[in-house]
Amino acid sequence: MPTWHATVETASWLTPVLVRVVLRGDGLAGFAMPDATDAYVNVAIPPQDAPYGPVFVPAEVREHHPEELWPARRRYTVRRWEPASGRLTLDVVVHGDEGVGGPWAARAEAGDVLVLEGPGGGYRPDPDADWHLLVGDESALPAIAASLEAVPAGRRAVVRLVCDGPDHEVDLPSPADLDVGWLHRSGDPGTDGTLLLHALEELDLPAGRVHAFVHGEADEVRGIRRHLLTDRGIARADMSCSPYWRRTMTDEAWRRVKRDFVAQMDAEVGTGAA
Ligand SMILES: Cc1cc2nc3c(=O)[nH]c(=O)nc-3n(C[C@H](O)[C@H](O)[C@H](O)COP(=O)(O)OP(=O)(O)OC[C@H]3O[C@@H](n4cnc5c(N)ncnc54)[C@H](O)[C@@H]3O)c2cc1C
């Protein structure tokens, strides 16, 4: 994967848990997006006492330094790439003081340097679908927001998002015929994890072929996927489904078990990528 670096131009809070980081700089020269609205980059965040400079090649650091000095890798959606101005926008969830990526974004200020690799990505709203379904939490919000901008004008797009309250909601500009529902967590882990699933279970789905996008917390994604495939009869090929993160696991721990988790999830309802 190609390596890039960029400088923080602005960092601002969109909601109480979402920081918008706009990056820019000569280190993004040649950056090009895949044909996807869920495109992502892997950012590389070095430990505070790193004996190397702010611009580095992650593979070289891994080759020449002990593991405790390696940068942490975190994956973030490219909310927007503006080739003319060279601005790249990431929206990063800050979930308390935990983690590496969230705290980095909370502290980010103009002039900070960020190394990134990529991009990758695989989903774009199918212009031939009769309607669109987009479901997720704050981590999927950047991809859902970018995707809604690409839904054909007037096409039905049903969106269900979970967040902590009304001040966590954001505007979702789109040419689509939007049906947006925000679900608010109560703070009870027993019920919060199934809010999206239960909202979908109660939904009257529009007629015709859907193109669905379900990304976010792993167990929530798994339950929703099972419901849409088995109870609603949505075709696997018509669904993009990705467990972005796993509750109680750091990204390092999640990456160690993610392959098995996805294999088990696939085995629940048929096989092959969905
Ligand atoms: C393709 C892809 C695209 C993604 N795009 C985005 C994006 O645009 N914006 C974004 O914010 N995230 C995005 N994510 C998710 C992000 O990579 C993970 O949430 C990552 O774990 C965050 O790293 P961290 O260092 O903040 O926390 P970690 O060190 O990984 O985790 C520390 C603790 O926080 C918990 N945690 C992690 N993420 C969350 C969360 N979102 N809410 C609540 N608790 C959490 C973990 O379960 C763990 O207990 C994406 C993931 C993928 C695979």
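The shell around the ligand draws residues from both domain 1 (3–120) and domain 2 (131–268), so the ligand shell lies between them. The domain bounds come from an automatic or database domain assignment. What you see is a predicted model, in which local features need pLDDT of at least 70 and side-chain atom pairs count only at pLDDT 80 or more, while totals for chains, interfaces and linings use all residues. Residues are numbered from 1 along each chain as its sequence is written.

Let us stay with the ligand for a moment. Of the 25 residues around the ligand, Thr77, Val93, Gly99, Gly102 and Asp251 come nearest; a residue is near a molecule or strand if its C-beta atom, placed from the backbone, lies within 6 Å of it. At least two shell residues each come from strand S4 (72–77), strand S6 (87–93), helix H2 (101–107) and strand S12 (239–245). S4 gives the largest share, four residues. Helices (H or I, at least four residues) and strands (E, at least two) are DSSP runs, numbered from the N terminus. Sorted by class, the shell holds nine nonpolar, eight polar and eight charged residues. Here Ala, Val, Leu, Ile, Met, Phe, Trp, Tyr, Cys and Pro count as nonpolar, Asp, Glu, Lys and Arg as charged, and the others, Gly among them, as polar.

Next, look at how the two domains meet. Their centres, taken over C-alpha atoms, are separated by 24 Å. In domain 1, 14 residues are in contact with 15 residues of domain 2, where contact means C-beta atoms, placed from the backbone, within 7 Å. On the side of domain 1 that touches domain 2, strand S1 (3–15), S4 and S6 are the elements that give two or more residues. That side has five nonpolar, four polar and five charged residues.

The largest nonpolar core has 64 residues, and Val21 and Ile144 have the most contacts inside it. Both domain 1 and domain 2 give residues to this core, so it lies between them. Such a core is a set of buried Ala, Val, Leu, Ile, Met, Phe, Trp, Tyr and Cys residues joined through C-beta atoms within 7 Å. Leaving aside neighbours within four places in sequence, Ile144 is in contact with Leu134, Gly136, Val159, Leu161 and Phe213.

Finally, visit Pro51, in the loop between strand S3 (40–45) and helix H1 (58–64). Pro51 is exposed because 10 other C-beta atoms lie within 10 Å; 12 or fewer count as exposed, 20 or more as buried, and anything in between as partly exposed, with C-beta atoms placed from the backbone. Pro51 and Leu69 are 18 residues apart in sequence and 8.0 Å apart in space, C-alpha to C-alpha.
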